Amino acid sequence: MDWLKQWNEALDYLEEHLLEEISLETLGRIACCGGYHFQRMFSYLAGMPLSEYVRRRRMTLAAAELCGGARVIDTALRYGYESPTAFNRAFQSVHGLPPSAVRRDGAVLRSYPRIRFHLVVKGDVEMEYYIVTRPAFRIVGLRTPLPKEAEEGFALVPQCWAEAGPRLPELLGLSSGEPAGVLGVSTCHRERDNYYYIAVASQQEPPAGMYAEEIPGCTWAVFQGRGRLPEAMQDMQRRIVAEWLPDAGYEWAQAADVEVYLEPPGPGETAFQVWLPVVRR
């Protein structure tokens, strides 16, 4: 499959450049998605953040070099650490012992082999979706800058919803367009100035502390879900990436990701949709 080939080529690039600063944009380009999307997809597919995988691989190789007689200070510099102290912390977090101890008798080290993706056929749980092409729409709402690291964004979004709770009734009063409901919009496809919005479709002027943005027209794959948040939403996003996207004939497009909450999020189960921007392969 082209999808598997592209992703494994991205992993080949990552392995070849482990000792350098990793270019998310290059990884995304090889895998036919954006750099931010690459991080998100990798986390869902591999079960760990990209940064954690890179750290484990680097410390695996560093341990082999130290066992071969390399000096700690030279190895630290080789793997991008400006001080032995920082290298020592990273090494211990992976191996559970300091780099100076690797050549002691009985020292136990951990080896993390490189990842390769393979197609696993799954179909035990159905996924309901439809494809829709919509023109541009305007949103009004609260926003927070999205960090460059996707895993930081995973932690940020639930916090944003907790803080936005008191203003949700005010937001719903501004709603005057489609898609209906409260929206979570990630403009993570741009090179800079990306935000996570808690918003509604609206043509009204934003009140104090809120912002407006035009979301360009796009084709989205829309998935239906229901459950307790944020776990149900995150599980749906993981399944879309890991089970649907690999053989759907679509790629993750460079456009806004949209979450649609068909009823105000609360402590119980909530009906929601995930709008994944897509383009035909």
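In which strand does S186 lie? I looked it up and found S186 in strand β3, residues 182-186, where strands (E, at least two residues) and helices (H or I, at least four) are DSSP runs numbered from the N terminus.

Before going further I noted that this is a predicted model, in which local features need pLDDT of at least 70, side-chain atom pairs count only at pLDDT 80 or more, and totals for chains, interfaces and linings use all residues. Residues are numbered from 1 along each chain as its sequence is written, and side-chain values use heavy atoms, with hydrogens and water left out.

**S186.** I recorded S186 as buried, with a relative accessible area of 10% (buried means under 20%, with a 1.4 Å probe and protein chains only). Leaving aside neighbours within four places in sequence, S186 is in contact with L146, Y195, Y196, A256 and D257, contact being heavy atoms within 4.5 Å.

**Strand β2.** I then followed β2 (residues 137-145), which pairs with β5 (residues 211-215) in the antiparallel sense over 5 bridges; a pair needs at least two bridges found by DSSP. In this pairing F137 stands opposite I215. Strand β2 also runs antiparallel to β4 (residues 195-201), to which 7 bridges join it, and there R143 stands opposite Y197.

**Helices α4 and α6.** Finally I looked at α4 (residues 50-67) and α6 (residues 84-95), which pack at an angle of about 100 degrees with their axes 10 Å apart; axes are lines fitted to C-alpha atoms over the stretch in contact, and angles run from 0 to 180 degrees between N-to-C directions. The two helices, α4 and α6, are therefore roughly perpendicular, a term covering 65 to 115 degrees. Among the residues making the contact are M59 and L66 of α4 and F87 and F91 of α6.

Technical notes. Parallel < 35°, antiparallel > 145°, perpendicular 65-115°, else oblique. Buried < 20%, exposed > 50% of the residue type's maximum accessible area, 1.4 Å probe, protein only.
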